[in-house]
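I opened my notebook to look up a few things in this structure. Here is what I worked from.

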Amino acid sequence: MKKRWLAGILALMMGITSIGCGVGVISPGESEHQGTTNTGRIVVGFSQLGAESDWRSANSQSMRSAFTKEKGYEFIFEDGQQKQANQITAIRTFIQQEVDYIVLAPVTETGWDNVLQEAKDAGIPVIIVDRMVDVEDESLFTCWVGSNFELEGQKVAEWLNQYAKSQNIQPEDLHIVNIQGTIGASAQIGRTKGLADAAKKYGWDLMAEVSGDFTQAKGREAMEALLKQFDNINVVYCENDNSALGAIQAIEATGKKVGPNIAEGEIMIISFDGVNEEAIQLALEHKITCIAECNPLHGPRVEAIIELLEKGQKPDKFSYVDEMIYSANESVKTLTIDDKEYEVTIITEDILTERQY
């Protein structure tokens with residue numbers, strides 16, 4: 001705040017008027033600026049990890065919508081193109097620009113200590129969104145807001161457990177493959193653990209874990225390889241909707257059928273995010289049997305954190321967002337995890353029209 005006050009005084013003394021430019025659509029790797037850093041507005045630099053999925057696009061749009069000139073912000077957007085080196089460069093550029101706040105959606109958890117120390121030394125608060133960072137000193141970031149990825153995995157795994165029981169499917173008859181996300185990302189780590197722990201607990205046959213990198217193309221490629229390796233797959237645990245779409249393409253290309261009827265030879269697809277419109281429609285059609293929501297609308301939450309900081313207040317260090325679990329199959333109505341009950345939202349056409357993204 002002191003920095004913006006001094007900038008305002010200098011601008012008045014020198015008769016300088018700064019004019020910002022509007023937000024537009026950008027190509028990956030380019031920067032998006034709403035204006036200069038001497039307008040007196042709150043300047044937010046956002047390092048987004050990339051645009052690998054529909055979830056990521058919705059997340060970026062949520063941030064753009066939250067930090068507009070009309071609300072008193074200057075917004076600088078940097079697309080990291082899935083590369084940590086690009087994100088580190090972006091953060092250092094933000095520091096040089098003397099932004100007021102840095103928001104980081106990290107591509108992986110580790111490797112941030114040095115650059116976050118530089119931001120701390122410059123007196124710039126850093127807010128982490130979506131994926132976590134693994135740093136030795138948690139004072140290097142102000143707070144984090146995002147999803148409990150391990151809980152997402154636990155929800156899907158418990159749904160599968162209850163579904164199998166309702167259909168009299170024995171644990172050893174579940175032959176599962178996991179198409180993981182980007183290895184080392186928080187979502188991958190949490191969702192992978194949720195399944196692995198459940199497989200060990202219930203005695204499921206977890207045959208393979210391979211990365212689909214959260215993309216449709218890699219998801220299809222991974223599924224094609226798995227189908228060649230195994231002839232008894234009946235559950236595919238996809239760590240996001242885009243990889244699930246790729247898996248479905250690969251399965252159907254072989255003439256096999258996707259669906260919940262494992263006993264009749266169908267291959268069940270379960271997934272995460274609930275943002276991709278095609279995936280939600282396929283869930284309505286029972287081609288994706290269960291989806292754990294991962295809420296991408298972080299912009300308003302980050303804006304609320306910055307408002308607290310501007311008032312000199314201290315936000316919570318970690319803030320988890322509330323999320324649902326979807327299925328068009330009515331076999332499982334509720335889940336209980338660690339003594340807490342979660343309702344399963346049955347997907348209908350009305351649910352599709354009510355969704356915010």
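Is Cys238 buried or exposed? I looked it up: Cys238 is buried, at a relative accessible area of 0%. Buried means under 20% relative accessible area, exposed over 50%, and partly exposed in between (1.4 Å probe, protein chains only).

A note on the source. This is a predicted model, where local features need pLDDT of at least 70, side-chain atom pairs count only at pLDDT 80 or more, and totals for chains, interfaces and linings use all residues. Residues are numbered from 1 along each chain as its sequence is written, and side-chain values use heavy atoms, leaving out hydrogens and water.

Cys143 counts as buried, at 0% relative accessibility. Then I searched the whole structure for disulfides (two cysteine sulfur atoms within 2.5 Å). I found zero.

**The sheet.** I traced an open sheet of eight strands, in the order E8-E7-E9-E10-E11-E13-E15-E14, with mixed pairing. Its edge strands are E8 (205-211) and E14 (334-337), and each pairs on one side only. Strands (E, at least two residues) and helices (H or I, at least four) are DSSP runs, numbered from the N terminus. Two strands pair if DSSP finds at least two bridges between them.

I followed Ile325 in E13. Ala292 stands opposite Ile325, and in E15 the bridge partner of Ile325 is Val344. E11 and E13 pair in the antiparallel sense over two bridges. E13 and E15 run parallel, joined by three bridges.

Next I looked at the hairpin of E14 and E15. Two residues lie between these strands, and Asp338 in the turn has a positive phi of about 50 degrees. Four bridges join the two strands, which run antiparallel.

**Aromatic pairs.** How many does the structure hold? I counted 11. Rings of Phe, Tyr and Trp (its six-membered ring) pair if their centres lie within 6.5 Å; planes under 30 degrees apart are stacked, over 60 edge-to-face, the rest tilted.

Why is the pair of Phe141 and Phe318 edge-to-face? The ring centres are 6.1 Å apart and the planes are at 70 degrees, so the pair is edge-to-face. Phe141 is buried at 4%, while Phe318 is partly exposed at 32%.

Trp159 and Tyr163 have centres 5.1 Å apart and planes at 5 degrees, so this pair is stacked. Both lie in helix H5, four residues apart, about one turn of the helix.
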